[in-house]
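Please examine the sequence and the structure shown here before reading on.

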Amino acid sequence: MYLEKYKILAYNMLIAELESQSIFKIMNEDGTTARDAGEIGLGHEQLREIYRAMLTARLLDEWLMRLQRIGKIPFHAPNIGHEAVAAIAYALREQDWIFPSHRDLALQIARGATIEEIVAHYMVNAKSPFKGRDILTIGNKRLRIFLPPIPISTNMPPAVGFAMACKLKKRDEVVAVFFGDGATSKGDFHESMNFAGVFKAPIVFFCENNQYAISCPVVKQTASESLAIKATAYGFPGIRVDGNDPLAVYLAAREALERAHSGEGPTLVELFMYRLGPHSTADDAMRYRTLEEVRMWEEREPVKRFKYFLLKSGVISEEDDAKMREQIEAAIRHAIEVNEGQPPHPPESIMDDVYAEWLWHLEEERESLSTELNSKT
Ligand SMILES: Cc1ncc(C[n+]2csc(CCOP(=O)(O)OP(=O)(O)O)c2C)c(N)n1
């Protein structure tokens, strides 16, 4: 079994880690692989879809950064370097639930989120699916994707609780919860892992170890050999996977999700990757890391690497790639145009969706807010 075979080993320097066998990987940096994707269980069409989702996330992310810089959206936490999570959408079943992190645009796109709804959300306009309740992160009710938390790791206990509810109700539904390396220092992480282990909750913990929690490097986050090894203490498997390799990510996710579906309990999947951009539009990453380090990881970044693999395996050609980029760019520009024409989300709706019943004092508060807003226009 892949999980057993590649159980995590050591935690050394980044480059040594990347080259070591302690990380489960399928693809080399140049896109070569000893395996055929067919053997992994992914057909050409699915491989193309995963690549399209990854590319869409990359191009959309670049646009979101630009839109923030020109004042069209309030804030953004860039996703660049996290695109391989798109492959997890192909390991999840339709009925499964996602508690995402704040860098999972690629996963959401691969699951079916549209560019238009994502742009509407970030622009906080009247079409925004979450009505501007959370302007920093995005979820998708239609696709069973919860909103990511702003206080880090606080999605973990509810995710385990949700998984337990699925188990108690005997539903064939499992939960995939995502969080960063920074979350592993929080009590939420340990309580969730412990509870899930004891009660065999149908959940997969995906830790996106992008090497930093803002300016805190992962070596200052833990004294453990790895993050994956922490699962051992809670009585279930942990695996460290090359998070820049969508094929390895897919396989590890598929096996862990199957374990959850068959009642065997949780798995911790550490996705070893790198946050190529700043932490957010309010961060200057050059204050705590070197350009040399960033360049080293750029050589291994997931979109480029997957493209090499697809070219080498004859799944796409350079022309297909160029065409795909053109189509995605056009779709993003269209989504921005459509959304720019939308009015902002009405501030008076701030009291909606909080109480099951509309109460008299809410009416009074809303009227007073309207009066206040009108007096300012
Ligand atoms: C409980 C809590 N403490 C501090 C913060 C401020 N903060 C926002 S993101 C972040 C770092 C998160 O790092 P990590 O979990 O590794 O995820 P990443 O952003 O690297 O994807 C911090 C400290 C917060 N949001 N919540």
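The sections below cover the sheet, the helices and the ligand surroundings of this predicted model.

## The sheet

Five strands make up an open sheet with parallel pairing, and their order is β1-β2-β3-β7-β6. Strands β1 (97-99) and β6 (238-242) lie at the edges; each has a single partner strand, so one side of each is left without a neighbour in the sheet. On average, and with direction ignored, neighbouring strands of the sheet are turned by 20° against each other.

Phe-99 has Val-177 of β2 as its bridge partner.

## Helices

Helix α10 (residues 246-261) packs on the sheet, where it touches β3 (203-209), β6 and β7 (267-272). The direction of helix α10 makes about 170° with that of β7.

Helix α4 spans residues 44-69, 26 residues in total. From its first C-alpha to its last, α4 reaches 38 Å, which is close to the 38 Å expected at 1.5 Å a residue. Just after α4, Gly-71 adopts a positive phi of about 80°.

## Surroundings of the ligand

There are 16 residues around the ligand, and those that come nearest are Pro-151, Ile-152, Gly-180, Gly-182 and Ala-213.

Sorted by class, the shell around the ligand comprises seven nonpolar, five polar and four charged residues.

Methods
Residues are numbered from 1 along each chain as its sequence is written. This is a predicted model: local features need pLDDT of at least 70, side-chain atom pairs count only at pLDDT 80 or more; totals for chains, interfaces and linings use all residues. A residue is near a molecule or strand if its C-beta atom, placed from the backbone, lies within 6 Å of it. Ala, Val, Leu, Ile, Met, Phe, Trp, Tyr, Cys and Pro count as nonpolar, Asp, Glu, Lys and Arg as charged, and the others, Gly among them, as polar. Two strands pair if DSSP finds at least two bridges between them. Helices (H or I, at least four residues) and strands (E, at least two) are DSSP runs, numbered from the N terminus. Axes are lines fitted to C-alpha atoms, for helices over the stretch in contact, and angles run from 0 to 180 degrees between N-to-C directions. Two residues are in contact if their C-beta atoms, placed from the backbone, lie within 7 Å. The expected span of a helix is 1.5 Å times one less than its number of residues.
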